[in-house]
Amino acid sequence: AKIESYGNGILSDQKSGTNVIVRSGTITSSNSSAINILENYNVNVIIGEENLVNSPNITGASGYYAVWCPNGSISFYNGTITGGTIVCGAFDNIPSEKEVILTQNENTETAVLGDIQDVVKIGEKTYKTLQSAIDECEENTETTIIVNKNFVISRSVEIPSNKKVILDLNGNTIRTYARNYSILNNGTLNIVDNTENKIGAIIDRGAKCIIKNTGILNIQEGNFKMHQGFSQKMIYNTENGSVNINGGDFYIYESSGTYSNRCYSYVIYSDGTGNINVQGGTIRLNKYDEYTNMYGIYNVSSQVNTVTFNNATIQNEKSGVAYTYGICNKNDANVNILGGKISMYNGNSGENTSGNYCVYMEKGTLSATGGTISGGTGVYNRGTATLENVSISSITGVGDNTGTININNGTTISCGSRAIDYNSGTINIYGGIIKSSDSMAIHNSNGNGIVNIYDGTIKSDSTSYRAIHNSGTVNITGGTVESTSQSAITNNSVATLT
């Protein structure tokens, strides 16, 4: 059989549990995926058949997945798969004595099945799989496993609680196609790259997370990549796990597949009781469309833990109409921003950036004592926040505050739109500069909103807006309130000056 198409060779929107079986022949698309299984269907894609002479050839266009099957099952028994990326999905079944062998070309990659090769080593002893090397590590003894060559993980790897592993990427790339998670760390895992150029990488193509962590995870170097998708977690920290990141590049990139339902993608997702420490590295959230939410750090622990961010970068490079979060806290945690940069995309004319949040505190305590926050909404607060020696230059500096915010000396909130918007909580201003270039500096919009100004400068450079628009309570006992060409304060409720 031979199928050639400008679009998908096979497009399946059938019910879960059905099969797409390609035993032989060729399926080719010149401008899309050769096989496209829509994301909300659990369809089984079976390529080839064991001991079959006539093996199939599946070819997708460069820039596309050859097989798009994010939530279904892929069985690969023989044949050839070629595309910009071979598959989006997990290899659930391959012959036990075989492994996926990947060849990189200029614009495409090709997968075949081959004999399992030596891919890692401990000292001078080589191993055919990462799991077999982990199995031979001594208990409670730090052991270095060096990656010898590029290879594929199609079966999940587990580190027991009594093992301490240093995984040296050694400038090589591991591509993962395992189901659910690629690496389960129950012990101690340190990821490094001891080469000069630091190009070692772990790239996820099908698992729901690259690393599921219940132990201690330390990342010093490495390039980690994952496509956007349904509940994709680059690092899933759970149970008693803790995460320490001191370097590396963490990149969620735009998928070339088709999504029609809401997707959630996370670099770090934590529901565990341990702490999250990001002391270096770069988190990049490349692009989201109307169906994709992206998160740099998402903390939803059932217990009070601590998230610390310093000397690192979180950035959203493009915009859309859904939501992107730098740090999103959903529990009573302590979030400490000591330095570094959190930057959301401000957008071009006509683009919707209202769903971009640098720091989103649904609960908990935020202490930001350094660093820069820019783009979108700087801080969304429903807990308690203290800002000191931090620079915020977002579209909106502080938005939708229903908690308590203390703004201290050294803080600058300088925005194109409202510096403080839709306040219905309490804001105490002890110093700093709060300024808007094109709107009001403070919008105290709710009758319950309270703004106490003890010191600092509140200023609007707009020709159309006042520095403060008050519909709640404003108490001014010090500081300076300035407006370039309008009244300094519009008062629709209670304003006290002493």
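User: Which residues lie nearest the centre of the largest pocket?
Analyst: This is a predicted model, in which local features need pLDDT of at least 70, side-chain atom pairs count only at pLDDT 80 or more, and totals for chains, interfaces and linings use all residues. Residues are numbered from 1 along each chain as its sequence is written, and side-chain values use heavy atoms, with hydrogens and water left out. A pocket is an open set of points on a 1 Å grid over the protein atoms alone, where a 1.4 Å probe fits, with protein on both sides within 12 Å along at least five of seven lines, and lining residues have an atom within 4 Å of a point. Of the 22 residues that line the largest pocket, those nearest its centre are Glu99, Val100, Val119, Phe151 and Val152.

User: Which element gives the most to the lining of the largest pocket?
Analyst: Two or more lining residues come from each of β13 (98-104), α1 (130-135) and β18 (151-153); helices (H or I, at least four residues) and strands (E, at least two) are DSSP runs, numbered from the N terminus. With 5 residues, the element that gives the most is β13.

User: How many residues of the lining of the largest pocket are charged?
Analyst: Asp, Glu, Lys and Arg count as charged, Ala, Val, Leu, Ile, Met, Phe, Trp, Tyr, Cys and Pro as nonpolar, and the others, Gly among them, as polar. The lining has 10 nonpolar and 7 polar residues, and the number of charged residues is 5.

User: Is Thr143 buried or exposed?
Analyst: Thr143 is placed in strand β17 (residues 142-147). Buried means under 20% relative accessible area, exposed over 50%, and partly exposed in between (1.4 Å probe, protein chains only). The relative accessible area of Thr143 is 13%, so Thr143 is buried.

User: What is the separation of the C-alpha atoms of Val335 and Ile276?
Analyst: Val335 belongs to strand β38 (residues 334-337) and is buried, with a relative accessible area of 1%. Beyond its neighbours within four places in sequence, its contacts (heavy atoms within 4.5 Å) include Val307, Met361 and Leu366. Val335 and Ile276 are 59 residues apart along the chain, and their C-alpha atoms are separated by 9.5 Å.

User: Which residue in β12 stands opposite Ile74?
Analyst: The open sheet of 4 strands has the order β3-β6-β9-β12, with parallel pairing; two strands pair if DSSP finds at least two bridges between them. Its edge strands, each pairing on one side only, are β3 (19-22) and β12 (91-93). Strand β9 (residues 73-76) is joined to β12 by 2 bridges. Opposite Ile74, the residue in β12 is Phe91.
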